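Open your viewer and keep the selection panel at hand. Each stop gives a selection, then what is there.

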Amino acid sequence: MIVFHSSTCIVEHPDVSFSRDYLDFGKGFYVTTIEEQAREYAQRFLLRGKKAYLNKYELSDDLREYKTLSFDSYDESWLDFVAICRVGKDCTDYDMVLGGIANDKVFRTIDLFFSGEITEDEALRNLLYEKPNDQICLRSQHLLDTELTFISSEEIR
């Protein structure tokens, strides 16, 4: 499958160790199957006066040997997992995590939940009508090295 990653540079050889901590699905290399979503994310770099690149890859379709966690909706299990990852307490050993990204609207709900201003039930009710977009967190360097192939990069202007 074709996947995309936005960055301030061309990323031919992704490295998990360069990932930031406290992200939605933990430390990893984040990609999406939705090109427009990656292009929109690249705009954040441009707004900060940085260069922006859309990197394109082929991700193997046969990933059965890898330990994978997948979320189909913004539900309690998704919220609990994101909460654990965002505070740096994820102790799982998944190679790959798939599910919705906490975009600006979703993040506002999560932020209210994390700050204690709304309960988990209220947060889940707010998220019920949000259509999950698409993010894949590749958390295993072995997976990156063997299953992800760089295709091209395009500078976004």
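**Ground rules.** This is a predicted model: local features need pLDDT of at least 70, side-chain atom pairs count only at pLDDT 80 or more, and totals for chains, interfaces and linings use all residues. Residues are numbered from 1 along each chain as its sequence is written, and side-chain values use heavy atoms, with hydrogens and water left out.

**Stop 1: strand S1.** Select residues 2-7. Helices (H or I, at least four residues) and strands (E, at least two) are DSSP runs, numbered from the N terminus. In S1, 5 of the 6 residues are buried, so the rest of the structure largely encloses this strand. Buried means under 20% relative accessible area, exposed over 50%, and partly exposed in between (1.4 Å probe, protein chains only).

Pairing requires at least two DSSP bridges between the strands.

**Stop 2: Lys56.** Stay on S3, where Lys56 is found. Phe4 stands opposite Lys56. Contact means heavy atoms within 4.5 Å. Leaving aside neighbours within four places in sequence, Lys56 is in contact with Ile2, Val3, Phe4, Thr149, Phe150, Ile151 and Ser152. Now show Glu35: its C-alpha is separated from that of Lys56 by 8.9 Å, with the two residues 21 apart along the chain.

**Stop 3: the largest pocket.** Select His5, Ser6, Arg20, Tyr30 and Tyr41. Its volume is about 1,200 Å³. These five are the closest to its centre among the 38 lining residues. S1, S2 (29-31), H1 (35-47) and H3 (104-114) each give two or more residues to the lining. H1 gives the most, with 6.

A pocket is an open set of points on a 1 Å grid over the protein atoms alone, where a 1.4 Å probe fits, with protein on both sides within 12 Å along at least five of seven lines; lining residues have an atom within 4 Å of a point. The volume is the space filled by probe spheres set on the points, joined across faces, edges and corners.

**Stop 4: Gln37.** Move to H1, where Gln37 lies. Gln37 is buried, at 16%. Not counting residues up to four places away in sequence, Gln37 touches Thr32, Ile101, Asn133 and Asp134.

**Stop 5: helix H4.** Select residues 120-127. The buried residues of H4 are Ala123, Leu124 and Leu127. They cover an arc of only 95 degrees around the axis, which puts them on the same side of H4. The arc is taken from the directions from the helix axis to the C-beta atoms.
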